[in-house]
Amino acid sequence: MDNHNSSAAWDANFSKLEAFAKENGHCNVPRSGELGYLSKWATRIKKKYKKNPTSVSEFQVQQMNRIGFDWTLKKDKDDQHWNEMYQKLASYKEQNGDCNVPLSYHYAEDSKRGTSVANQRKRAKLENKLGTWVTNQRKTAKLGKLRQDRKELLQEIEFSWSLYSNVNQTTENKKYLKHDKRWNEMFQKLKKYHSEHGDCKVPYSYPKDPVLGNWVSTQRRVLNKKTYLYGDQKEMHQGRKNLLASLGFDSSSQLQKKNDGTKEDRSAIFEV
């Protein structure tokens with residue numbers, strides 16, 4: 001009797017899940033709403049299978065696989081994602097010397113041959129969110145909700161729990177993010193100029209985009225330590241140096257006009 005009831009329950013729930021998969025293209029049933037019970041059932045099946053794979057019959061496994069059922073538990077997915085992001089952060093730290101990833105930071109394109117387009121897109125999607133992930137770790141830790149094992153892993157790579165320690169973080173962080181966004185916007189313009197002209201020698205009074213010429217001039221002055229960055233930092237972030245270097249950016253002051261600094265736009269200096 002129990003086996004009959006169990007089989008009947010399986011058939012009923014599987015039928016519902018199969019219909020959901022056909023309609024939505026996946027088996028990730030929302031935990032809330034009228035199908036919440038189906039989501040709970042799917043989670044129980046995952047836990048049951050993880051604990052003892054033989055507790056789910058081979059036929060049932062085949063049924064679930066046929067509709068694209070993902071056997072991975074949400075907790076395991078979260079752990080996998082966190083570990084992947086941690087490895088990206090460790091790599092960033094090794095390349096740039098710190099863990100202060102800008103929100104709009106983008107990795108250089110993968111230059112390795114043989115990497116599929118799909119893998120490159122997946123890699124880019126993951127890495128482009130690294131800045132947001134880092135910010136979330138700080139927020140989670142501040143709320144006292146960051147797991148101890150994760151906290152210890154971050155401490156191993158000298159993770160900074162506060163981006164600014166001597167100023168009002170909310171106000172300063174907003175300013176930093178504003179200038180960081182602006183820098184990346186200007187870099188994209190420089191990248192376009194480079195693709196069209198083959199170099200980064202944007203004239204100071206560039207007719208098509210005078211602001212770009214001003215900005216490029218400012219980058220050279222910063223790299224040559226002839227002006228200051230926004231805030232207390234006196235040198236350009238290594239990540240930005242790497243981005244400019246990827247375009248063959250020449251910081252030689254000889255590329256600037258003699259009167260380059262006489263009428264500089266003070267706002268542009270902060271966009272570095």
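Student: What ground rules apply to the numbers?
Tutor: The model is predicted, so local features need pLDDT of at least 70 and side-chain atom pairs count only at pLDDT 80 or more, while totals for chains, interfaces and linings use all residues. Residues are numbered from 1 along each chain as its sequence is written, and side-chain values use heavy atoms, with hydrogens and water left out.

Student: Why is the contact of Lys-77 and Asp-70 called a salt bridge?
Tutor: The term requires a side-chain nitrogen of Lys or Arg within 4 Å of a carboxyl oxygen of Asp or Glu. Lys-77 and Asp-70 meet at 2.9 Å, N to O. That distance is within 4 Å, so the pair qualifies. Eleven salt bridges are found in the whole structure.

Student: What makes Lys-77 buried, exposed or partly exposed?
Tutor: Buried means under 20% relative accessible area, exposed over 50%, and partly exposed in between (1.4 Å probe, protein chains only). Lys-77 has 31%, so this residue is partly exposed.

Student: Where do Asp-79 and Lys-75 lie?
Tutor: Both are in helix H4 (residues 74–96), four residues apart, about one turn of the helix. Helices are DSSP runs (H or I, at least four residues), numbered from the N terminus. An α-helix has 3.6 residues a turn, so residues three or four places apart point the same way.

Student: What burial class does each of them get?
Tutor: Asp-79 has a relative accessible area of 17%, which is under 20%, so Asp-79 is buried. Lys-75 has 55%, over 50%, so Lys-75 is exposed.

Student: Which residues are linked in a network of salt bridges?
Tutor: Lys-75, Asp-79, Arg-147, Asp-149 and Arg-150. Asp-149 and Arg-147 meet at 2.9 Å, N to O. Asp-149 is partly exposed at 38%, and Arg-147 is partly exposed at 34%.

Student: Why is the contact of Asp-209 and Lys-189 called a polar contact?
Tutor: A polar contact is a pair of N or O atoms within 3.5 Å; within protein, one must be able to donate a hydrogen and the other to accept it, and residues adjacent in sequence count only if both atoms are side-chain atoms. The side chains of Asp-209 and Lys-189 are joined at 3.4 Å, so the distance passes. Asp-209 lies in the loop between helix H8 (169–197) and helix H9 (210–223). Asp-209 is buried, at 15%.

Student: What makes Trp-10 and Phe-14 a stacked pair?
Tutor: Rings of Phe, Tyr and Trp (its six-membered ring) pair if their centres lie within 6.5 Å; planes under 30 degrees apart count as stacked, over 60 as edge-to-face and the rest as tilted. By this rule there are ten aromatic pairs. Trp-10 and Phe-14 stand 6.5 Å centre to centre with 5 degrees between the planes, so the pair is stacked. Both lie in helix H1 (residues 2–24). Trp-10 is buried at 7%, as is Phe-14 at 5%.

Student: Why is the pair of Phe-69 and Trp-71 called edge-to-face?
Tutor: Their centres are 5.0 Å apart and their planes at 85 degrees, so the pair is edge-to-face.

Methods
Helix = DSSP H or I, 4+ residues; strand = E, 2+ residues; numbered from the N terminus.
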